[in-house]
Amino acid sequence: MADTDTRTQPRKKGLTRRQRRRLSRGAQYVVFVAAVLAFALSADWGRLKNQFAQLPIAEQMFPDIITLALKNTVLYTLSGFVVGLVLGVVVALMRLSSVGPYRWLAGIYIEIFRGLPALLIFIFVGVGVPLAFPDVRYPGGTYGKVAVALGLVSAAYMAETIRAGIQAVPKGQMEAARSLGFSPARAMISIVIPQAFRIILPPLTNELVLLFKDSSLVLFLGVTLEERELSKFGNDLASTTANSTPILVAGLCYLLVTIPLGFVVRRMESKSQEAIR
């Protein structure tokens, strides 16, 4: 009788796996909201506003921050990207070459310029090269220096990305081109590399975003007033006004470019994944 009563009693059930996940997620939201509220309530917003949000100082920056600083930043970034892309393709092909010295040189270049801080490369281009070769003149002056410095920085990363893209193209594409009478060089340029670029377009766009931020190192080259980019422009005005509002405004100008580019990268990645499926 006792056994029958025990069997007929309803069993106490614990939380299901889905309920536990919901409870854990809810607890994480609570902790996050509590941390945000604690930060918001403990911060001295009055002092932050006085130091970073002075509207009269921000108004002084326009339109020069757009027509001069942002324009120069975009020019520096694009010129460095073009140099880095061309050099990256050459280094990637050297990396894939059957000639041993080419592979070794490409590997040494990638390891050195991928391992060094970008600041050291800017100093080397802006100071070291003119000292070692006094007769060397960069075309375009500061713009040429920045293009070379940013190109050297980005080419090491682009070369590995491009190499991976070329190797991702099916070998049958090269074999088919060769069977049609294409030379190895023509097949690589006309058939393989275009397909590789469709594969690596998202990471290359991401590299463009990184270069846009690295262009702030231009200030270490000693630019003129007309050659200033966003960081230099904001830093100079911050020193003049003894206020950090110009730095904040310059940072917002970076976001005006990097956020849309980031959105483009995500869209291209999703489209490439859909194409694979």
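Modeller: In this predicted model, S154 belongs to helix α8, which spans residues 142-168. S154 counts as buried because its relative accessible area is 0%, below the 20% cut-off. Apart from neighbours within four places in sequence, S154 is in contact with G80, G84, E207 and L211.

Side chains of opposite charge can pair when their charged atoms come close. The structure holds 5 salt bridges. One of them joins R95 to E160, with 3.6 Å between the closest N and O atoms. This pair links distant parts of the chain, since R95 lies in helix α5 (residues 64-95) and E160 in helix α8, 65 residues apart. The two partners may be described in turn: R95 is partly exposed, at a relative accessible area of 27%, whereas E160 is buried, at 14%.

A further group of charged residues involves D236. R228 forms a salt bridge with D236, the closest N and O atoms lying 3.4 Å apart. R228 counts as buried, because its relative accessibility is 14% and the cut-off is 20%. K232 also forms a salt bridge with D236, with a closest N to O distance of 3.4 Å. Both K232 and D236 lie in helix α11 (residues 230-241), 4 residues apart, or about one turn of the helix. K232 is partly exposed, with a relative accessible area of 22%. Elsewhere, salt bridges that share partners join R95, E160 and R163 into one network.

Technical notes:
Residues are numbered from 1 along each chain as its sequence is written. This is a predicted model: local features need pLDDT of at least 70, side-chain atom pairs count only at pLDDT 80 or more; totals for chains, interfaces and linings use all residues. Side-chain values use heavy atoms; hydrogens and water are left out. Helices (H or I, at least four residues) and strands (E, at least two) are DSSP runs, numbered from the N terminus. Buried means under 20% relative accessible area, exposed over 50%, partly exposed in between (1.4 Å probe, protein chains only). Contact means heavy atoms within 4.5 Å. A salt bridge is a side-chain nitrogen of Lys or Arg within 4 Å of a carboxyl oxygen of Asp or Glu.
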